[in-house]
Amino acid sequence: MSKSIISQSSLTNHIDKLVRDILSSSVTFDDIGSRLNELYLPFIESCDDYLCYSKPIQAFVSGTKGIVGDSYPCNVIWSQDNIQRLIDSISCYRQDVIDEDNAWQYQEKQNRNALESYFRCLLNHYSKLLVVRVDLMYTQEHRELVTIHMFNNHMKKLRELISNGKSCFKHLQGYAWALEQGGKWGGFHCHLLLIYDGARREGDCALAIEISKKWKAITEGLGTYYNCNSNKHKKKHQVKDEFGNDRLGVGMIHRNNLRQIENTVYSALYLTKLDKKDQQLKVWLPNMRTFGHGTYRTKKRRGLPPITN
């Protein structure tokens, strides 16, 4: 498979998965050889020393360099001897991979606590809030073209629009976002949560569509989205559980409705869900943020004690 039809996201996902399979001894020699023949050349040809890679990918790069040496990547033959040497080399990085996974989980817990505190403050401060959640991604036909540099630039432009507070971001009182890779949506994607003053905005489904148009413009037609505020999505989450409660956590949320409040918090915390380890970024730029939310205590927020310096 040539590198022209394997995206950066797909390559790094597959290399990360291969190393994890080797470390867990859940893959055969033949399967390792097949995957190396498919992935090694396009990955090495696209590898960028400026970028940061996950520990499994770092283990792969180090292990293959030790075996290949000065040989041209296109001349490398993955014999059983070379595969065994790679397995032995990768096994030396087991603790590094574990440590990185533990650090990710710790950070996600910190993000989760911060997001819940921030969100509950907003829900307590306003009598009603309009909650909109959209998942921003790239179309299947264009996904292979998107690099982490492009994704980072698109997200920077989106955050600038959110900060400006104009058009579909007018009367926005809070927001949160999380960047991921792979999983259900494939490729690089963003889970975006927007919280509007419910006394000034309505029509959450229409707002989500407007946000998607901004995303498509930012990505110059490469982007697409999933509307968590669509009627179809809402109906799915309005199904009652055994206690007669639904799980709908988007739309107009009222402060005096405790069920709505808890559903909304539950929905928001999806951005920091701890069982999505396989969707963490495997490649990123130096100092690139993968999660963020707004600030509750600001000089512009009415009804709060003044902020003194």
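**Close-up views of salt bridges and helices**

**View 1. Glutamate 210 pairs with lysine 213 in a salt bridge, with 3.5 Å between the closest N and O atoms.** A salt bridge here is a side-chain nitrogen of Lys or Arg within 4 Å of a carboxyl oxygen of Asp or Glu. The model is predicted: local features need pLDDT of at least 70, side-chain atom pairs count only at pLDDT 80 or more, and totals for chains, interfaces and linings use all residues. Residues are numbered from 1 along each chain as its sequence is written, and side-chain values use heavy atoms, with hydrogens and water left out. Both partners sit in helix α7 (residues 204–218), where glutamate 210 and lysine 213 are three residues apart and therefore separated by about one helical turn. Helices (H or I, at least four residues) and strands (E, at least two) are DSSP runs, numbered from the N terminus. Glutamate 210 is partly exposed, at 37% relative accessible area; buried means under 20%, exposed over 50%, and partly exposed in between (1.4 Å probe, protein chains only).

**View 2. Aspartate 16 and arginine 20 join their side chains in a salt bridge of 2.8 Å, N to O.** Let's turn to helix α1. In this helix (residues 8–23), aspartate 16 and arginine 20 lie about one helical turn from each other because they are four residues apart. An α-helix has 3.6 residues a turn, so residues three or four places apart point the same way. Aspartate 16 counts as buried, with a relative accessibility of 5%. A network of salt bridges links Asp16, Arg20, Asp101 and Lys277.

**View 3. Arginine 133 and aspartate 135 form a salt bridge, their closest N and O atoms 3.1 Å apart.** Here both arginine 133 and aspartate 135 are buried. The salt-bridge count comes to 13.

**View 4. Helix α3 (residues 55–68) packs its buried residues against α1, α2 (29–46), β1 (52–53), α4 (80–91) and α5 (94–125).** Contact means heavy atoms within 4.5 Å. The 14 residues of α3 reach 20 Å from first C-alpha to last, close to the 20 Å expected at 1.5 Å a residue; the expected span is 1.5 Å times one less than the number of residues. Among the buried residues of α3 are Pro56, Ile57, Phe60, Val61 and Ile67. Just after the helix, glycine 69 has a positive phi of about 65°.

**View 5. Helix α5 has 32 residues, and its end C-alpha atoms are 47 Å apart.** That agrees with the 46 Å these residues should span at 1.5 Å a residue. Its buried residues include Val97, Trp104, Leu115, Tyr118 and Phe119.

**View 6. Leucine 248 lies in the loop between α8 (231–237) and β6 (251–254).** Leucine 248 is buried, with a relative accessible area of 16%. From C-alpha to C-alpha, leucine 248 and alanine 268 are 11 Å apart in space, and they are 20 residues apart in sequence.

**View 7. For orientation, the whole protein chain has nine helices and eight strands.** Its C-alpha trace spans about 70 × 50 × 40 Å along its principal axes. Of the 309 residues in the protein chain, 46% are buried. Among its contacts between residues at least 6 apart in sequence, 74% join residues at least 24 apart.
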